[in-house]
Amino acid sequence: YVYTTGSWDVLTEDGAWDVVKETADYWVSRVQWDGANFVINNVMDPDEYHCYVNNSCFTNAAARLNLLFAVEAAEKLGKVPDPRWVAVSQETQGIKIPFDEALRYHPEFDGYTQGTLIKQASVVLIGYPLGVSMDADVRKNDIVEYAKCTDKGPGMTYSMYSIGMLELGHLDEAQKLFDIQFRNLRAPFRIWNEYPYDDGCTNFLTAVGGFLQSLLYGYLGARVFEDFFQIRPNLLPTCSEVKYHGVSYHDQRFDFVVSKDKFTVCRTSGNSSAWRITGEDGKEWSLDIGTVVSLSLALYKICSS
């Protein structure tokens, strides 16, 4: 929220800082030192087929992100970060993130056997939405390996797999994964069901959310950072044009129109400050309010000048 709005003021209101502080304190109370890293044992992984596991890849990554944000937020608010937050969240000798160097992928938890059936997306979530940095081959291996052993579970799972493939530029694989989502739609009103068969929750909002994310964060490629908004647009399969209206970042609103070989961006409202869009080669285009800029499909950053 603070990265999207550009305002840290929310942390001074209504106990928001207390939530950040207390959750960070919880994680440092939950970890144990094993001689090499901090570990978190006996948890329920997002994959509900496996409970009471040690060092869930997703759980540990989320805990580290929570702690890193607590340190950042404390500094923004003029507070002294708890040194325990710093110690546990450090990249080396911090919280353990399971990784198999030989197979070049992240095991779901300590002791996980590659290929074991899982219910839904878990490890893949550390790439998106958590944003854990990793080599491209590792990211792809995570998606491919877990997609192969995912049960016919909740509808939001394949949206996450599709987003990952789009991030890597594998459009054909992304489309196949994107299309799997639609098996969870139920006639006659095209309602999203929890499972691809007549069971579970009807009007399953988690699947709706996954589908919407596969559009905004998948095919538009949106990523939010503190100082810039990143996009990597691709055209949605079977469409000739897709429009994204009113995308908000730092109190500015943007419209994007994506077609086969290009896209346009227009800053439709905002303050009087100057904004720009920058390509990977460093070339910049001004984003004056009301001006439409046409560009080829690639990776771009949008920020204030």
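This is a predicted model: local features need pLDDT of at least 70, side-chain atom pairs count only at pLDDT 80 or more; totals for chains, interfaces and linings use all residues.
Glu226 is partly exposed, with a relative accessibility of 22%. Side chains of opposite charge can pair when their charged atoms come close. Glu226 has such a partner in Lys76, and the closest N and O atoms of this salt bridge are 2.8 Å apart. Glu226 sits in the loop between strand E5 (223-224) and strand E6 (229-231), while Lys76 belongs to helix H3 (residues 57-76), so the bridge ties together parts that are 150 residues apart in sequence. Lys76 is also partly exposed, its relative accessible area being 44%.

The search can then be widened. Across the whole structure, 16 salt bridges are found. One of them joins the side chains of Glu101 and Arg104, with an N to O distance of 3.0 Å. Here the two partners fall into separate classes of accessibility. Glu101, at 52% relative accessibility, is exposed because the cut-off for that class is over 50%. Arg104, at 21%, counts as partly exposed.

A further pair is formed by Arg276 and Glu284, whose closest N and O atoms lie 3.4 Å apart. Arg276 is partly exposed at 22% relative accessibility, and Glu284 is partly exposed at 49%. Salt bridges can also share partners, as a group elsewhere in the chain shows: Lys21, Glu22, Asp25, Asp82 and Arg84 are joined in this way into one network.

How values were computed:
Residues are numbered from 1 along each chain as its sequence is written. Side-chain values use heavy atoms; hydrogens and water are left out. A salt bridge is a side-chain nitrogen of Lys or Arg within 4 Å of a carboxyl oxygen of Asp or Glu. Helices (H or I, at least four residues) and strands (E, at least two) are DSSP runs, numbered from the N terminus. Buried means under 20% relative accessible area, exposed over 50%, partly exposed in between (1.4 Å probe, protein chains only).
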